[in-house]
Amino acid sequence: MLRTKFTELFHVKYPIMQGGMQHLGVPKLAAAVSNAGGLGTINITIYPQLDHFRKALQEMNALTDKPYAVNISLVPDLDMGEKIREYIQICREEKVQIIETAGRNPADIVPDIKAAGMKLIHKCTGVKFAKKAESFGADAVTLAGYEVAGHPGMDEVGSFVLINSVSRAVTIPVLAAGGIADGRGLAAALALGAQGVVIGTRFVASEECIIHRNFKDAIVASAESDTITCQRSIKNMARYLKNETSIKVLELERQGATLEELMPLISGTNSKECYVSGNLQGCVFAAGQSMGLISCVKTAKEIVDDMVHEAQEVLSGLNGMNQ
Ligand SMILES: Cc1cc2nc3c(=O)[nH]c(=O)nc-3n(C[C@H](O)[C@H](O)[C@H](O)COP(=O)(O)O)c2cc1C
């Protein structure tokens, strides 16, 4: 057992959440994580049509009777505007228990989420944002450190400081995201005051993830230094695998490219096609520094079990030092 405030409040066995992942957060992976005792997550942005989204939730409900989350990404290129309320209504009807928001302050949709009786986890990148989330009613916050896949904060603060400082600043459970791929990382996050961890890259390199094998093999083959951060110029910083496309994005930014000029390279449509075809160089691919800690593809259950066992060993070892 690894019981924390997060596992108690969200009724999950282990303090491990699979973070929302554009194009990849589908029932096959999310259900495998939830059935393994973690918290799986489905992304609404994968389902631009409401009836497809409802079918995905129904599929999820058939695959697991455990809690899972639905990710609502509110970054500028994924924000659905007012239509989001219809998605929340479907979540309510299909008995979703947890919403994960990310990308901007979701205060405008918090009343909808709360009225539906769902718990809210808000992903953010610093103390002031976490305090704000607590004040508008979030039940937990995820802190994305600089190591994270996807969108780290513009302030570039790493997980070590972020988790420690935010855990002291808010009373709601804090989840650590970025740089965590094994039980050592989980134990370290708990030691810093986190009540759980949010993991992306490690779950991409799982058997159940629907991405082409080339991307999983790239994660296994990559070192911690094989990522780059781009999109600072458009105030939407992102950490990607270092490949031809992300290097090109960075070069264009240095030459003063506009958002319109960058869009063909950073758009989700581009990534979606490459994730299916296996074209590793043809798109930006969100991947964290935690790639350096990943040495094989495993099932989601093996990932969760191994993390928990290793964390327990680490915690016992640390306890042994305190004699
Ligand atoms: C391929 C991929 C796509 C992602 N897409 C999203 C997304 O759409 N929305 C979101 O909130 N986070 C997204 N993330 C971030 C994850 O939810 C999580 O915060 C992050 O992966 C944790 O860092 P780690 O990869 O080092 O474990 C994505 C991550 C990956 C690897």
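Helix H9 supplies the largest share of the shell around the ligand, 3 residues. Helices here are DSSP runs of H or I with at least four residues, strands are runs of E with at least two, and both are numbered from the N terminus. The structure is a predicted model, in which local features need pLDDT of at least 70 and side-chain atom pairs count only at pLDDT 80 or more, whereas totals for chains, interfaces and linings use all residues. Residues are numbered from 1 along each chain as its sequence is written.

Of the 29 residues around the ligand, Gly-19, Ala-102, Ala-149, Gly-200 and Gly-288 come nearest. Two or more residues of the shell are given by each of strand S3 (68-73), strand S8 (196-199) and helix H9 (201-204). The shell divides into 13 nonpolar, 13 polar and 3 charged residues, where Ala, Val, Leu, Ile, Met, Phe, Trp, Tyr, Cys and Pro count as nonpolar, Asp, Glu, Lys and Arg as charged, and the others, Gly among them, as polar.

An open sheet is formed by 8 strands in the order S1-S8-S7-S6-S5-S4-S3-S2, with parallel pairing; two strands pair if DSSP finds at least two bridges between them. Strands S1 (16-18) and S2 (40-43) stand at the edges with a single partner strand each, so one side of each has no neighbour in the sheet. From one strand to the next, the twist averages 25 degrees.

Strand S7 (residues 174-177) pairs with S8 in the parallel sense over 3 bridges, and Ala-176 stands opposite Val-197 in S8. Strand S5 (residues 119-124) and S6 are likewise parallel, over 4 bridges; the bridge partner of Cys-124 in S6 is Leu-143. In strand S6 (residues 140-144), 5 of the 5 residues are buried, so the strand is largely enclosed by the rest of the structure. Buried means that 20 or more other C-beta atoms, placed from the backbone, lie within 10 Å of the residue's own. Ala-140, Thr-142 and Ala-144 point one way from S6, and Val-141 and Leu-143 the other way.

Helix H2 (residues 27-35) packs with helix H14 (residues 300-321) at an angle of about 35 degrees, the axes being 8 Å apart. Axes are lines fitted to C-alpha atoms, for helices over the stretch in contact, and angles run from 0 to 180 degrees between N-to-C directions. Leu-29, Ala-32 and Val-33 of H2 and Ala-300, Lys-301 and Val-304 of H14 make the contact, defined by C-beta atoms, placed from the backbone, within 7 Å. These contact residues comprise 5 nonpolar, no polar and 1 charged.

Methods. Near = placed C-beta within 6 Å. Contact = placed C-beta atoms within 7 Å. Buried ≥ 20, exposed ≤ 12 C-beta atoms within 10 Å, placed from the backbone.
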